[in-house]
Amino acid sequence: MLNLIKNEMVKTFSTKKMYVFYGIIIVFCLMIALTIILQPGEIIAKPTGQAFPLILLKGLIGQIFPIFIIIIAVDMITNEYRNGTFKLPLLHPVSRRKYIISKIFSIIVLIVSMLGFTLASSYGIGTIFFGWGDGVIIDGSLYGSVEGVLKMMSYYGISILPLAAFSIVSVVLALLFSNTGIAVGISIGLLFALDIAATFA
């Protein structure tokens, strides 16, 4: 299993896709920071570097990360169909179930890497633009620097669960529809449907 996950990670990072995603995260961090800076002080309170990661998480978790996950998950499956390599690992003593599970675990590892990269980048960019600050207010409670970082890490950690669940749905859709465009389209449609349902809930 570990070898399968390692193989999937090597295949993913051998392409430019993940590096493009990391670049988009950096650009998004900079855009949010500049948007806050350019707003008049009486309209929006300026955050500190310690609070900036929470702002980024709220902005990324709803739309951008799920779309990243859809692209990664669908590409992992449909590329195998397109290149005719899906059957190759199954020729070895590896079951189809174990092969699919390894792909799901690989996606979860990639989710963790993107969240970790976002957390580190938002702390860095937030501190550059707004300063570190003396503490951070989360859910109405004031936390010191160490407690604040640990609390922020827990928020990012909790975000892994819904993203991982959505990645499983994307993998299932990719298995059902071996066409990349169809699988991505249905997954994105489902994402927007869930957002609309949440709005009216």
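Predicted model: local features only at pLDDT ≥ 70, side-chain atom pairs only at ≥ 80, totals over all residues.
Trainee: What makes Leu4, Ile5, Glu8, Met9 and Thr12 a set on H1?

Mentor: These five are buried, because each has under 20% relative accessible area. They cover an arc of only 135° around the axis, so they lie on the same side of H1.

Trainee: Which exposed residues does the face of H1 turned away from the buried side carry?

Mentor: Leu2, Asn3, Lys6 and Val10. Exposed means over 50% relative accessible area.

Trainee: What makes a nonpolar core one set, and which residues have the most contacts inside the largest?

Mentor: Its members are buried and joined through side-chain atoms within 4.5 Å. The largest core has 48 residues. Phe65, Ile72, Ile107, Met114 and Met152 have the most contacts inside it. H3 gives the largest share of this core, 14 residues.

Trainee: What classes of residue make up the lining of the second largest pocket?

Mentor: Seven nonpolar, two polar and two charged residues. The pocket has a volume of about 190 Å³. Of its eleven lining residues, Pro47, Thr48, Ala51, Val136 and Ile137 are the closest to the centre.

Trainee: Which elements each supply at least two residues of that lining?

Mentor: Helix H3 (52-83) and strand E1 (136-138). The largest share, three residues, comes from H3.

Conventions
Residues numbered from 1 in each chain as written. Heavy atoms only, no water. Buried < 20%, exposed > 50% of the residue type's maximum accessible area, 1.4 Å probe, protein only. Helix = DSSP H or I, 4+ residues; strand = E, 2+ residues; numbered from the N terminus. Arc of directions from axis to C-beta. 1 Å grid on protein atoms, 1.4 Å probe; cavity = no way out; pocket = protein on both sides within 12 Å on 5 of 7 lines; lining within 4 Å. Points joined across faces, edges and corners; volume = space filled by probe spheres on them. Nonpolar A, V, L, I, M, F, W, Y, C, P; charged D, E, K, R; others polar.
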